[in-house]
Amino acid sequence: MKPQLALHLFKELEKKKPKCFGHNYAIFEKYDGWYGYIDFDGTMDAQIMSRRERAIPSLRKFSRLLCQAARLAEITHGRLIFEIQIAGVPEFSELNGILNRSKGECEATQAYLRVHDFVVDGSKTFARRYDSAKYVVDALQMPRVFIAPIIATGTTHSIQRAAEEIWERGGEGAIGKRLDAPYEPGKRNFGLLKVKEEVSVEFKVTGVIQGEGKYFNTLGALRCADKHGNEHTVSGMTDAQRDE
């Protein structure tokens with residue numbers, strides 16, 4: 001089951017007849033973390049996975065603790081979906097580096113999860129799935145697993161207003177999940193909307209940095225300079241872009 005995809009709210013509103021009008025959404029703060037999930041199956045073998053459906057090596061021990069807690073709580077099946085963050089690591093680039101580690105003692109011991117969905121039956125509405133997610137988080141009784149709070153409910157106007165309030169205090173943006181929508185894996189539509197503040201800046205590429213770990217023998221990052229001569233490193237490319 002592929003992860004559900006979010007549609008940019010502004011792209012939906014550019015349409016002549018936006019399908020998102022007239023629907024109510026549960027609104028969450030958008031965190032600058034990693035999307036992740038784990039498929040409980042009653043065993044100790046389930047792994048925390050990334051959006052690309054790859055096991056995250058730096059969370060193997062955390063995965064085992066989750067499986068153990070799930071078995072004790074008699075949660076034998078279902079996909080728990082969350083945002084992965086690390087205490088004291090506000091920058092996505094640094095978070096990305098820590099979670100991608102795979103050699104030596106690579107466990108991300110300060111990682112924690114903000115749970116926002118639990119899927120057993122994909123036809124259930126998000127409102128019902130969120131209630132299940134709250135039940136699972138309570139049942140797991142793990143100090144590093146939290147339920148992501150719904151900060152408001154309302155229309156697309158409410159999502160935009162919430163995003164603006166979050167931006168004012170330096171946050172990332174907002175996510176809207178249609179309350180009556182099923183889980184639609186691999187699809188990008190108005191059932192899941194995001195509003196993210198994006199800033200475009202022109203840089204001159206001055207060099208490249210070789211990758212490490214999983215990116216050995218390909219691009220690690222671009223070394224860039226802004227118009228004032230300040231140096232920056234830019235990452236976050238796809239595997240295909242790195243190879244190209």
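This note covers aromatic pairs and charges over rings in a predicted model.

1. Basis. Local features need pLDDT of at least 70 and side-chain atom pairs count only at pLDDT 80 or more, while totals for chains, interfaces and linings use all residues. Residues are numbered from 1 along each chain as its sequence is written, and side-chain values use heavy atoms, with hydrogens and water left out.

2. Pair count. Rings of Phe, Tyr and Trp (its six-membered ring) pair if their centres lie within 6.5 Å; planes under 30 degrees apart are stacked, over 60 edge-to-face, and the rest tilted. The model has five aromatic pairs by this rule.

3. Tyr112 and Phe146. This pair is edge-to-face, with 6.0 Å between centres and 80° between the planes. It links distant parts of the chain, 34 residues apart: Tyr112 belongs to strand E6 (residues 111-119) and Phe146 to strand E7 (residues 145-147). Strands (E, at least two residues) and helices (H or I, at least four) are DSSP runs, numbered from the N terminus.

4. Burial of that pair. Buried means under 20% relative accessible area, exposed over 50%, and partly exposed in between (1.4 Å probe, protein chains only). Tyr112 is buried because its relative accessibility is 17%; Phe146, at 40%, is partly exposed.

5. Phe126 and Tyr130. These rings form a tilted pair, 5.8 Å centre to centre with 40° between planes. Both residues lie in helix H4 (residues 126-140), four residues apart, about one turn of the helix. Phe126 and Tyr130 are both buried. With Phe28, they form one aromatic cluster.

6. Charges over rings. The criterion is NZ of Lys or CZ of Arg within 6 Å of the ring centre and within 35 degrees of the ring normal. The charged end of Arg79 sits over the Tyr37 ring, 3.8 Å from its centre. Arg114 lies over the face of Tyr31, 4.2 Å from the ring centre.
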